[in-house]
Amino acid sequence: MVLNDIKSTLADLSDKDKSKILSRYFKTGKGEYGEGDIFLGITVPNQRLVAKEFYQKVSLEEIKDLLSFDIHEYRLTALLMLVLKYEKSKNDKERKQFIDFYLSQTARINNWDLVDTSCYKILGHYCFHHKQENLLYDLAKSDDLWEKRIAIVSTYCYIKNKTLDIVPEIVVMNINHPHDLMHKANGWMLREMGKRDEEKLINFLDEFATKLPRTSLRYAVEKIDPTLKDYYMKLK
């Protein structure tokens with residue numbers, strides 16, 4: 001019954017015109033990274049409202065069911081509910097259950113927004129507070145694009161807690177990955193690291209700027225002094 005209620009609520013919020021726009025934006029064409037994704041055309045704020053309404057009622061099995069669908073909003077809403085369950089739980093054993101579940105579902109966390117709205121709030125938080133960085137290093141070694149992105153974006157929790165050494169380590173592990181979505185994620189986390197410790201970013205750039213893809217470099221230097229920004233960009 002809960003699943004039916006969630007699906008019905010999402011259906012009521014769907015927008016055909018927006019679904020077409022989102023399908024193009026998230027690259028759902030043949031051979032593109034989002035191939036096969038189906039969009040109902042629901043805004044993220046509305047999905048957050050649905051998640052807030054149902055997260056206490058839904059089970060992990062029901063979240064797994066939602067994640068099994070190709071409908072993008074089902075998967076995103078499922079992950080938003082999982083984030084709320086994790087954040088509201090004060091029980092370490094229960095939180096570990098959520099982590100194990102999250103890691104078991106990475107094949108369905110298969111678009112950049114699904115990764116970015118969930119991983120650092122669940123996996124990153126858990127790894128930071130339980131010193132389980134090995135989970136992130138293992139994901140960074142994966143052959144799967146999305147698991148690699150989960151690894152680097154999860155370091156955002158470390159950045160927020162001003163624990164920065166893990167960030168360049170994981171960036172370097174996939175510094176030459178062929179996909180633009182990894183270039184963006186690596187550059188994004190380097191930029192956020194630099195906002196907390198610019199010297200650490202500069203030291204990294206002095207060593208690796210010429211090896212970074214241009215997109216990663218452009219993201220990384222976005223907030224630094226314009227003169228330094230120009231210097232590093234001209235190295236490419």
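The following legends describe close-up views of a predicted model. Local features need pLDDT of at least 70 and side-chain atom pairs count only at pLDDT 80 or more, whereas totals for chains, interfaces and linings use all residues. Residues are numbered from 1 along each chain as its sequence is written, and side-chain values use heavy atoms, with hydrogens and water left out.

**View 1**
The chain is divided into domain 1 (1–88) and domain 2 (92–235), with bounds that come from an automatic or database domain assignment. Their C-alpha centres lie 25 Å apart. Contact, defined as heavy atoms within 4.5 Å, links 22 residues of domain 1 with 23 residues of domain 2. Together the domains bury about 2,200 Å², of which 65% is on carbon and sulfur atoms; buried area is the accessible area (1.4 Å probe) that two parts lose on being put together, summed over both. Tyr33, Leu60 and Tyr86 supply 35% of the area that domain 1 buries against domain 2, more than any other three residues.

**View 1. The largest nonpolar core.**
A nonpolar core is a set of buried Ala, Val, Leu, Ile, Met, Phe, Trp, Tyr and Cys residues joined through side-chain atoms within 4.5 Å. Here, buried means under 20% relative accessible area, exposed means over 50%, and partly exposed lies in between (1.4 Å probe, protein chains only). The largest such core has 79 residues, and Ile6, Ile63, Met81, Tyr102, Leu123 and Leu205 touch the most other members. Helix α5 gives the most to this core, with ten residues. Because domain 1 (1–88) and domain 2 (92–235) both give residues to the core, it lies between them. In soluble globular proteins, nonpolar side chains tend to be buried together.

**View 2. Ile63 in helix α4.**
Ile63 lies in helix α4 (residues 60–67); helices (H or I, at least four residues) and strands (E, at least two) are DSSP runs, numbered from the N terminus. With a relative accessible area of 0%, Ile63 is buried. Not counting residues up to four places away in sequence, Ile63 touches Val58, Ala78, Met81, Leu82, Lys85 and Phe101. Leu190, 127 residues from Ile63 in sequence, is 32 Å from it in space, C-alpha to C-alpha.

**View 3. Helix α8 and its surroundings.**
Helix α8 (residues 119–130) has twelve residues and reaches 15 Å from its first C-alpha to its last, close to the 16 Å expected at 1.5 Å a residue. The expected span is 1.5 Å times one less than the number of residues. Buried in α8 are Cys119, Tyr120, Ile122, Leu123, Gly124, Tyr126, Cys127 and Phe128. These buried residues pack against α5 (72–88), α6 (92–104), α7 (112–116), α9 (133–140), α10 (145–154) and α11 (156–160).

**View 4. Leu123 and Ser154.**
Leaving out residues up to four places away in sequence, Leu123 touches Ile99, Tyr102, Leu103, Leu135, Leu136, Leu139, Ile150 and Ser154. Ser154 is placed in helix α10 and, at 0% relative accessibility, counts as buried. Under the same exclusion, Ser154 touches Cys119, Tyr120, Leu123, Gly124 and Leu136.

Cys119 is in no disulfide, and the nearest cysteine sulfur, that of Cys157, is 10 Å away. For Cys157, the closest cysteine sulfur is in Cys127, at 9.0 Å, too far for a bond. Cys119 counts as buried at 0% relative accessibility, and Cys157 counts as buried at 6%.

Most residues other than glycine have a negative phi. Lys131 is found in the loop between α8 and α9 and counts as exposed at 67% relative accessibility. Lys162 has a phi near 55°, also a positive value in a residue other than glycine. Lys162 is found in the loop between α11 and α12 (166–173) and counts as exposed at 68% relative accessibility.

**View 5. Ile38 in a loop.**
Ile38 lies in the loop between α2 (16–25) and α3 (44–54) and is partly exposed, with a relative accessible area of 45%. Leaving aside neighbours within four places in sequence, Ile38 is in contact with Asp70, Ile71, His72 and Glu73. Ile38 and Ser23 are 15 residues apart in sequence and 7.1 Å apart in space, C-alpha to C-alpha.

Definitions and conventions
A disulfide is a pair of cysteine sulfur atoms within 2.5 Å.
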